There are 2 protein chains.
Amino acid sequence: MSALRPLLWNGWGAPDTHVELTAPFRAWLSEELGIDDLSVPSHPSLREAEITLPPSRLPESVLSALSKAAGTEDAVTAPHRRLMHAAGRSYADLVRLRENAGLAFPDAVIAPATEESFSEVFRIAQDEGIAVVPFGGGTSVVGGVEPLRGSQPYVMAVDTGHLDSISNLDETDRHVTVGGGARLMAAENWCRDHGYVIGHYPQSYEYVTVGGCAATRSAGQSSEGYGRFDDMVLGLTCLTPAGRMDMLPHPDIAAGPDLRECVLGSEGSLGIITSLTLKVHPAPRHLRYEGWLLPSFAEGVAAFQHILQTPGSCTVARLSDEEETEGLMRMGMHGSLADKAFSWYLGARGYRDGALAIVGWEESDRDELNRKSAHVASVLRDHHAIRIGERIGNSWERSRYFSPYVRDVLLDVGVMVETFETAASWSGLAALREGVLAIARENWCGNGGSVGCHVSHMYPWGASLYFTVLARRTGATAEEAVEQWKRGKVEIMEHLLENGSPPSHHHGIGADHLPWMSREVGTAGVALLAAMKASCDPHSIMNPGKLVPASERNPGSPLPQ
Amino acid sequence: MSALRPLLWNGWGAPDTHVELTAPFRAWLSEELGIDDLSVPSHPSLREAEITLPPSRLPESVLSALSKAAGTEDAVTAPHRRLMHAAGRSYADLVRLRENAGLAFPDAVIAPATEESFSEVFRIAQDEGIAVVPFGGGTSVVGGVEPLRGSQPYVMAVDTGHLDSISNLDETDRHVTVGGGARLMAAENWCRDHGYVIGHYPQSYEYVTVGGCAATRSAGQSSEGYGRFDDMVLGLTCLTPAGRMDMLPHPDIAAGPDLRECVLGSEGSLGIITSLTLKVHPAPRHLRYEGWLLPSFAEGVAAFQHILQTPGSCTVARLSDEEETEGLMRMGMHGSLADKAFSWYLGARGYRDGALAIVGWEESDRDELNRKSAHVASVLRDHHAIRIGERIGNSWERSRYFSPYVRDVLLDVGVMVETFETAASWSGLAALREGVLAIARENWCGNGGSVGCHVSHMYPWGASLYFTVLARRTGATAEEAVEQWKRGKVEIMEHLLENGSPPSHHHGIGADHLPWMSREVGTAGVALLAAMKASCDPHSIMNPGKLVPASERNPGSPLPQ
C-alpha cells in the first residue's frame with residue numbers, strides 16, 4: 001500500500017497485497033448473491049505472462065523520434081508498459097484486463113520529463129497523427145484513460161510520472177507547488193513533513209496523481225473540512241498543443257471567465273496539467289473519528305442536513321443507508337473491526353436496520369474540535385442516533401482506502417462490483433436514491449445482489465450520493481460481463497439526467513459517461529466545450545472519445561453523438 | 001437611497017440626495033489638494049436639458065422591429081433613456097456625462113421582458129448589424145457598459161430591468177431564484193422578508209443587478225462571511241445569440257470544465273444572464289461591527305494574516321492604511337461619526353498615524369459571534385491594536401454605500417476621484433502597495449492629492465488591495481481630465497501586471513482594463529476566450545470592445561490588441 005510502488009497490472013495495490021474477507025461478510029455475500037462456495041476462484045485472472053500484445057502500429061522512425069523527444073530511458077513499446085496503460089480501474093477495465101478481452105493497447109507509452117519534451121511530443125503527435133492519452137495514476141473508473149484513437153491512425157499514452165516535483169511550501173502564503181505527475185500521497189506526505197496538509201483523501205489516494213485529481217474534479221473523504229480538489233487549486237500550468245496556459249496563484253481575480261475552471265475537469269482533452277499551486281493547511285494536531293448509528297437512512301439525512309446548515313460541522317461526514325451499513329458491518333469495516341463492535345451492532349437496541357454514520361474532525365485546536373463535535377453530537381442525538389464510538393471511527397479511518405483491494409477478491413469469485421455517484425438537493429435526495437436503487441436492483445440483482453448507498457460530500461444545499469453494487473456476474477466471457485455492466489449503467493444514467501442530477505459528482509465523464517454529456521450541458525454547452533477544445537487542441541489529438549461530445553462546430557472530432 | 005428609484009443621469013443616488021462634507025474633511029481636502037475654496041463648484045455638471053443627443057442611426061424599420069420584439073411600451077430612442085445608457089459610473093464616465101464630452105450614445109435602448117424577446121432581439125441584431133451592450137444597473141467602473149459598436153454599424157443597450165422576478169426561496173435546499181435584471185437590494189430585501197439573506201454587499205448594492213454581479217465577479221463587504229458573488233451562484237441561465245445555456249443548481253458536479261465559471265465574469269461578451277439560483281443563509285440575528293486602531297498598516301496586515309489563517313474569523317474585515325484612515329476620520333466616517341470619536345482618535349495614545357480596521361460578525365448564534373469576536377480581539381491586541389468600539393463600527397455599517405455620493409460633490413469642486421483594486425499574496429502585499437502608491441502619487445498628485453489604500457476580501461493566502469485616489473483635477477476640458485486619469489491608470493496597470501497581480505479582484509475588465517487582458521491570460525488564454533466568444537456569439541454582436549482581446553482565431557473581432 002505504498003504510493004511509490006507501482007500498481008498491479010490487473011487490479012489494485014502492490015503485488016504482495018493480501019486481502020482476507022471476514023467470515024460474516026463471506027456468509028452475507030453467499031446469502032445475498034447466491035454464490036455457494038466463495039473459496040473457489042470461479043473467474044480467476046490470467047497471469048501477465050499469458051497476455052500477448054499486438055505489435056505497435058507506429059513506424060520505427062516515429063518511435064525513435066518519440067524516444068528522443070521523451071528524453072528518458074523508458075522503452076516506449078515495452079509490453080508491460082503498454083499493458084499498464086491499456087485501461088483504468090473500472091469494473092469493465094478490470095474484467096477486460098484480467099481476461100484479456102476487448103482491450104485496446106496504446107502503440108507507445110512515453111513519459112517526458114520536461115515541458116519542452118511534452119511540447120515536442122505534441123508536435124510529433126500532430127504531424128504523425130497520434131492520439132495522446134494523458135496518463136497519471138491510471139485510476140479512472142469512468143474510462144478516462146481508455147486508449148482511443150479517435151480520428152488518428154495511432155494512439156499513445158503520455159505518462160506524467162516524471163513530473164513529480166514537490167517544492168516551495170510557502171508558509172506565509174499557504175501554498176505548495178507540485179508537478180502534475182506527482183502522486184497525491186507523496187505530495188501529502190511531503191507537506192506533512194513540513195507541518196502542513198493538502199487535505200485531499202479520495203479512495204484512489206495511494207495511486208492517483210495531483211494532475212489527475214485536477215483534471216477530473218476529484219473529491220476526497222475530508223471534503224467537509226478541506227473542500228473538493230478543484231477548491232484547492234490556486235494556480236496551474238496547462239500545456240496544450242496550441243501553447244502553454246499559466247494561471248497564476250492569485251488570491252482571487254475578476255478578469256473574465258475563470259480559465260482555471262476550464263482546465264479543471266478537462267480530463268486531458270485540452271492539454272496536460274504540468275504544475276499546480278495548491279492550498280495547504282497546518283497539519284491538524286487533533287483528530288477524532290466517530291461511528292454513530294441512526295435509526296434509518298432518512299433520519300440520518302435529516303440530521304446531516306441540519307448539521308450542514310448550521311455553523312461548525314465536521315471534516316468528514318458520511319452516512320450509509322441500511323443496506324450498505326449491513327455490508328460494512330459484515331465486512332468488519334474492511335476486516336479491521338473488532339468482533340465486539342460487530343456483535344454489539346447486531347444486538348443493538350432495535351437498530352438492527354440502522355444507518356451507520358462516520359463523522360470526523362481534524363483540527364489544530366482542541367477546543368474547536370470539542371465544540372464542533374459537541375454540536376454534531378447534539379444534532380445526531382436529536383435524531384435518535386446512538387454513538388457507537390471512536391473504535392468504529394478509527395477503523396473506518398484506517399481502512400478508508402481499502403475497498404478497491406476487496407474488489408479484486410470479489411472479481412475472482414464472479415461478483416460484479418460497480419460504484420457510481422451523483423448529487424442531489426436535500427429535498428430531492430430520498431426520491432433519487434430510491435429510483436436509482438430500484439433500477440440497479442432490477443438490472444443487476446436478478447440473480448442475487450446488493451445495492452447500497454452512502455451520502456458524503458455534503459453541502460448546505462445538497463449532497464453527493466455514492467452507490468455500490470455487488471451483483472452476481474452473468475455470462476462466462478468478459479464481453480458478456482461488460483454487457484451486463486453496461487445495461488444497468490445506461491438505465492441509471494438516463495434516470496439521473498431525467499431527474500436533474502449530474503452524471504458525476506467527482507468521478508468525471510471519461511468515455512463511459514460521454515453519451516450523457518450533451519444532456520447535461522445542452523447543445524450550446526457542447527458547442528462551447530468543442531470550441532474550447534478546438535482552440536487548445538486544433539488537430540484533435542488530445543484524449544479522443546472522452547468528455548467532449550462531437551459537435552458540428554468541431555468537424556474534426558471523431559466522436560459519436 | 002432606494003434601490004427602486006432610478007439612478008441620477010450624471011451621478012450616484014436619486015435626484016433629491018443631499019450630501020454635506022464635514023468641516024474637518026473639507027479642511028483636510030483643502031490642505032491635501034490645495035483647493036482653497038470648496039464652496040465654489042468650479043466644475044459643475046450640465047443640466048440634463050442642456051444635453052442634445054445625436055439622432056439614432058438606426059432606420060425606422062429596424063427601430064420598429066426592435067420595439068415589437070421588446071414587447072414593452074418603452075420608447076426605444078427616448079433621449080433620457082439613451083443618455084442613461086451612455087456610460088457607467090467610473091470617474092471618466094462621470095466627467096464625460098457631466099460635461100457632455102466624448103460620449104457615445106446607443107442608437108436604441110430596449111428592455112425585453114421575456115427570453116423569447118431577448119432571442120428575437122439577438123436575431124435582429126445579427127441581421128441588422130447592431131452591437132448589443134447588456135445593461136443592468138449601469139454601475140460599472142471599468143467601462144463595462146460603454147456603447148461601443150465594434151465592427152457593427154449600430155449599437156444598442158439591452159437593459160435587463162424587466163427580468164426582475166424574485167421567487168422560489170427554498171428553505172430546504174437553501175437557494176432562491178432571481179431574474180438577472182433584479183436589483184441586488186430588492187432581492188436581498190425580498191429574502192430578508194422570508195428570513196434569509198444572500199449576503200452580498202458591494203458598494204454598488206443599491207443599484208447593481210444580480211446579473212451584473214455575476215457577469216463581473218463582484219465581491220461584497222461581507223465577503224469573509226458569505227464569499228464572493230461567484231461563490232454564491234449555484235445555477236444560472238445564459239441566453240446567447242447561439243442559444244440558451246442552462247447550468248442546473250447541482251450541489252456540485254464533475255462533468256468537465258465548469259461552464260458556469262465561463263459565464264461568471266463574461267461581462268456580457270457571451271450572452272445575457274437571464275436567471276440565477278443563488279445560495280441563501282438564515283438572516284443573522286446577531287450583528288456586531290467594531291472599529292479598531294492599529295499602530296500601523298504593516299502591523300494590521302500581520303494581524304489579519306493571522307486571523308485569516310486561523311479558524312473562526314469574521315464576516316467583515318477591512319484594514320485602511322494610515323492615509324485612508326486619516327481621510328476617513330476627517331470625513332467623519334462619511335458624515336455620521338460623532339465628533340467625540342473623532343476627537344478621541346486625534347488625541348489617541350500615540351496612534352496619530354494609526355490604521356483603522358473594521359471587523360464585523362453577522363451570526364445566527366450569539367455564542368458563535370462571541371467566540372469569533374474574542375478570537376479576533378485577542379489577535380488584534382497581540383498586534384497592539386486598540387478597540388475604538390462599536391460606535392465607529394456601526395457608523396461604518398450605516399455609511400458603507402456612501403462613497404459614490406461623496407464623489408459627486410468632489411467632482412463639483414475639481415477633484416479627480418479614482419478607485420481601483422487588485423490582489424496580492426500576503427508576502428507580496430506590502431511591496432505591491434508601496435509601488436502602486438508611488439506611481440499613483442507621481443502621476444496624479446503633483447498638484448496636490450491623497451492616495452489611500454485598504455485591504456479587504458481577505459483569504460488565507462492573500463487579500464485584495466483597494467486604492468482610492470483624490471487628486472486635483474488638471475485641465476479645463478473633460479478630454480484633458482480623462483487624459484489625466486488615463487495617464488496614471490496605464491502606469492499602474494503596467495505595474496500590477498509586471499508584479500504578478502491581477503488587473504482586477506472584483507471590478508472586472510470592461511473596456512478600461514482590456515489592454516492588459518492578454519498579459520493576464522497569455523496568448524493561449526486569449527485564444528481560448530476568443531473561441532468561447534465565437535461559439536456563443538458567432539456574429540460578434542455581444543458587448544464589443546470589452547473583456548475579450550482580439551485574436552487571429554476570431555478574425556471577426558473589431559478589438560485592438
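Predicted model: local features only at pLDDT ≥ 70, side-chain atom pairs only at ≥ 80, totals over all residues.
Residues are numbered from 1 along each chain as its sequence is written, while chains are lettered from A and ligands numbered from 1 in the order in which they are written.

Start with the place where the chains meet. Here 72 residues of chain A are in contact with 72 residues of chain B, contact being a pair of C-beta atoms, placed from the backbone, within 7 Å. On the chain A side, at least two residues each come from β7 (233–240), β8 (243–247), α10 (259–263), β15 (415–425), β17 (462–472) and α20 (517–536). These labels are DSSP runs numbered from the N terminus, with helices (H or I) of at least four residues and strands (E) of at least two. The top contributor to this side of chain A is α20(A), with 15 residues. Sorted by type, the side of chain A that touches chain B has 33 nonpolar, 24 polar and 15 charged residues. Nonpolar covers Ala, Val, Leu, Ile, Met, Phe, Trp, Tyr, Cys and Pro, charged covers Asp, Glu, Lys and Arg, and the others, Gly among them, are polar.

Within chain A, the domain assignment gives domain 1 (58–159), domain 2 (166–282), domain 3 (286–400), domain 4 (410–498) and domain 5 (513–561); such bounds come from an automatic or database assignment. Taken over C-alpha atoms, the centres of domain 1 and domain 5 of chain A are 21 Å apart. Between these two, 15 residues of domain 1 are in contact with 11 residues of domain 5. On the domain 1 side, α5 (115–128) and β2 (130–135) of chain A are the elements giving two or more residues, and β2(A) gives the most, with five. That side divides into eight nonpolar, five polar and two charged residues.

Finally, two residues other than glycine have a positive phi. For A:His384 the angle is near 65 degrees, and this residue sits in the loop between α15 (366–382) and β14 (386–389) of chain A. A:His384 counts as partly exposed because it has 15 C-beta neighbours inside 10 Å. For A:Asn543 phi is about 40 degrees, and A:Asn543 lies in the segment after α20 of chain A. A:Asn543 is buried, because 33 other C-beta atoms lie within 10 Å. The cut-offs, using C-beta atoms placed from the backbone, are 20 or more others within 10 Å for buried, 12 or fewer for exposed, and in between for partly exposed.
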